[in-house]
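Okay, everyone, let me put the structure up on the screen.

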Amino acid sequence: MAERARVAVLLSGRGSNMQALVAASRAAGARYEIVLVASDKPEAPGLAWAAGQGIATFAASPRGRPKAEFEDEIDAALRAAGVEVIALAGYMRLLSAAFVAAWAGRILNIHPSLLPKYKGLDTHARAIAAGDDVAGASVHLVTEALDDGPVIGQVRVPVMEGDTADTLAARVLVAEHQLYPLALSDFLSRN
Ligand code: GRF
C-alpha cells in the first residue's frame, strides 16, 4: 500500500459520505487520498461535486448491457487510477462475485444500521417499526452477499420519541460522516 493509500469512492447519489471522506483525506497526517470518484449514474450529484473539487471522476452506465462488461469498465478505471482500496458510499448496485473476488478484502461499505440488523433498504423505518431505541451505522468489508461482510466499525445513535424515518436518517447520517473516515483509517493502519 502507498504511504497514503489510493482510495476510490463508488457512489450512486448525493455523495455526502464521499464528501466526508474527502474532507478527512485533506487533514494533516491522513492515511489516504481519494484518487477517483466513480459511479453507475452519470448524473449522480456526488460526481459533479467531486469534479468541482478537482478530483478525477468516472461514470459508466450499466443500462442495456451485460453486468460483466459494465463492471470491467469500472475495474479498468480503478486500475488505471492506481486504486488500492474501494470505499462504497451509497453505491446502490450489488457487485458481482467476480468483481468482489478481484478486489477481495479491499472493498468497504457503509450501511445505515447496526449490522447484522436491517440489511438492505429502509433501515430507519424498520428500526422504528421494531421499537428500537438505538440505531446507527456500520462500516464493513464487502463480500458478495448484500451488507454481509465482517463489520470493522460501528456508531450508535439514539432513536428519539416521535422520530420518523427521515429524522432518524438525518441523525444517523451525521454519525456516518464521522464513522467512515475513522473506520477507513483504522482499516488502512491494520492492512
Ligand atoms: C448513506 O446513508 C449510506 O449509509 C447508505 O446510503 C446513504 C448514502 O448517502 N449506504 P450519501 O450518498 O453518502 O449522502
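**The loop, a salt bridge and the ligand**

Y118 has its place in the loop between β5 and α5, where helices (H or I, at least four residues) and strands (E, at least two) are DSSP runs, numbered from the N terminus. Before going on: this is a predicted model, so local features need pLDDT of at least 70 and side-chain atom pairs pLDDT 80 or more, while totals for chains, interfaces and linings use all residues. Residues are numbered from 1 along each chain as its sequence is written, and side-chain values use heavy atoms, with hydrogens and water left out.

Back to Y118: its phi is near 55°, a positive value in a residue other than glycine. P116 is in the loop between β5 and α5 (123-129) too, and the peptide bond from L115 to P116 is cis, with omega near 15°.

Next, salt bridges, meaning a side-chain nitrogen of Lys or Arg within 4 Å of a carboxyl oxygen of Asp or Glu. The count by that rule is nine. One of them pairs E33 with R6, with the closest N and O atoms 3.9 Å apart. E33 is in strand β2 (residues 32-39) and R6 in strand β1 (residues 5-11), so this pair ties together parts 27 residues apart in sequence.

Now the ligand. Which residues are around it? They are R14, G15, S16, N17, G90, I110, H111, P112 and E176, going by a heavy atom within 4 Å. Both α1 (16-25) and β5 (107-111) supply at least two residues of that shell.

For polar contacts, I mean pairs of N or O atoms within 3.5 Å. A polar side-chain atom of R14 is 2.5 Å from a ligand oxygen. In the side chain of E176, an N or O atom lies 2.6 Å from an oxygen atom of the ligand. With G15, a polar backbone atom is 2.9 Å from a ligand oxygen. Taken alone, the ligand exposes 370 Å², and the protein buries 86% of that, by the Shrake-Rupley method with a 1.4 Å probe.

How values were computed:
Polar contact = N/O pair within 3.5 Å; in protein donor to acceptor, adjacent residues only side chain to side chain.
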